[in-house]
Amino acid sequence: MRSPFPPGSSRTAYRTALVTGASSGIGESFARILAGRGTDLVIVARRAARLDELARELVERYRVAVEVLAADLTDPVQRGEVEHRLRAEPVELLVNNAGYGAFGAFAGQPLEEQLAQVELNVLALMRLTRAALPGMVERGRGGVLNVSSMAGFTPSPGSAVYGATKAFVTAFSESLHAELAGTGVHVTALCPGFTRTDETREPSLLWLRREDVARAGLDAVSAGRALCVPGAQYKAALPALRAMPRSLLRAAVNRMWRQAAGTR
């Protein structure tokens, strides 16, 4: 397979990848970009019909192999099938993209919905990473791209559990990146800000295009970077967020949350 990167580039071209949450949004963009680079795929999501449609399109357009694995990653049995697939037939790149957020005041939201966020955003991501990493380390080659969020760097009133899960994903990914130094395996946290899932709309000051986010993340893991913050506006904001006193940051995001909720 011809490398999609220039001769002499330090980037790694992955020959096989498994992408979760691939039926729509950023996950679909990951699958399309990887297929365009000649990567054979395993695409995972709950919606089998949408995965089948996407697989047919990618096979016809890019002549890559695409395996469909319909699974709800909050279901232990179905998640276990994906874990088994990663151990039995290893891939060179794992993209942990599946995730979701429930919004509203924590005390007013059903506990089951909050726990489901932890199940998907944290537990499933951790278990799939654990299934994939030993084989990668043994082969001395591989990558894991974990989709986190800018929300992981700030307090998140109105989405407290979501923000906390993304803070975990970033810390977990950076820790693994350090653990695996020198092994040929890279773990990267992708931390986008607001991202449009509808590609027909143009990016704005705050909103990013999902294709740009996916490409930035894939380039970052292939280059062996620990952290990727796509978008010039968010790259510029990150140092300020880290330097701002936490009390001021909490006050600022709390005002934003109350304004968005229509309260004073």
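Biologist: Let's start with F194. Is F194 buried, partly exposed or exposed?

Modeller: Keep in mind that this is a predicted model. F194 has a relative accessibility of 47%, so F194 counts as partly exposed; the exposed class begins over 50%.

Biologist: Which residues make a nonpolar surface patch with F194?

Modeller: L205, L206 and W207 do, and the patch they make with F194 covers about 430 Å². Look at W207 in particular: W207 sits in the loop between strand 7 (195–196) and strand 8 (208–209). W207 is partly exposed as well, with a relative accessible area of 32%.

Biologist: How should I read a pair of aromatic rings?

Modeller: Two things describe such a pair: the distance of the centres and the angle of the planes. This structure holds 3 aromatic pairs. One of them is F168 with F172, a stacked pair with 5.3 Å from centre to centre and 15 degrees between the planes.

Biologist: Where do F168 and F172 lie?

Modeller: Both are in helix 5 (residues 160–179), 4 residues apart, which is about one turn of the helix. F172, at 17% relative accessibility, counts as buried, while F168, at 28%, counts as partly exposed.

Biologist: And the rings of F194 and W207, how do their planes and centres sit?

Modeller: Their centres are 5.2 Å apart and the planes make 35 degrees, so that pair is tilted. The pair also links distant parts of the chain, 13 residues apart: F194 is in the loop between strand 6 (185–190) and strand 7, and W207 is in the loop between strand 7 and strand 8.

Biologist: On to the sheet. What is the general idea there?

Modeller: Strands of a sheet pair through backbone hydrogen bonds, in a parallel or an antiparallel way. Here, 7 strands form an open sheet with parallel pairing, in the order 3-2-1-4-5-6-9.

Biologist: Which strands are at the edges?

Modeller: Strand 3 and strand 9 (227–228), each of which pairs on one side only. Strand 9 pairs with strand 6 in the parallel sense over 2 bridges, and A189 stands opposite L227 of strand 9.

Biologist: What about the pairing of strand 4 and strand 5?

Modeller: Those two are parallel too, with 4 bridges between them. To find your place, look for V95, which stands opposite L145 in strand 5.

Biologist: How do I read the side chains along a strand?

Modeller: In a regular strand they alternate between the two faces of the sheet. On strand 5, G142, V144 and N146 point one way, G143, L145 and V147 point the other way, and all are buried. With 6 of its 6 residues buried, strand 5 (residues 142–147) is therefore largely enclosed by the rest of the structure.

Biologist: Which side chain does N96 contact?

Modeller: The side chain of T129, through a polar contact of 3.0 Å. N96 belongs to strand 4 (residues 93–96), and at 3% relative accessibility N96 counts as buried.

Biologist: One for the backbone: what is phi of R63?

Modeller: Phi of R63 is near 60 degrees, a positive value in a residue other than glycine. You'll find R63 in the loop between helix 2 (48–62) and strand 3 (66–70). R63 is exposed, with a relative accessible area of 68%.

Notes. Residues are numbered from 1 along each chain as its sequence is written. This is a predicted model: local features need pLDDT of at least 70, side-chain atom pairs count only at pLDDT 80 or more; totals for chains, interfaces and linings use all residues. Side-chain values use heavy atoms; hydrogens and water are left out. Patches are made of residues with over 30% relative accessible area and no salt bridge: like charges are joined within 9 Å, nonpolar side chains (Val, Leu, Ile, Met, Phe, Trp, Tyr) within 5 Å. Accessible areas come from the Shrake-Rupley method with a 1.4 Å probe; for residues, only the protein chains shown count as cover. A salt bridge is a side-chain nitrogen of Lys or Arg within 4 Å of a carboxyl oxygen of Asp or Glu. Buried means under 20% relative accessible area, exposed over 50%, partly exposed in between (1.4 Å probe, protein chains only). Rings of Phe, Tyr and Trp (its six-membered ring) pair if their centres lie within 6.5 Å; planes under 30 degrees apart count as stacked, over 60 as edge-to-face and the rest as tilted. Two strands pair if DSSP finds at least two bridges between them. A polar contact is a pair of N or O atoms within 3.5 Å; within protein, one must be able to donate a hydrogen and the other to accept it, and residues adjacent in sequence count only if both atoms are side-chain atoms.
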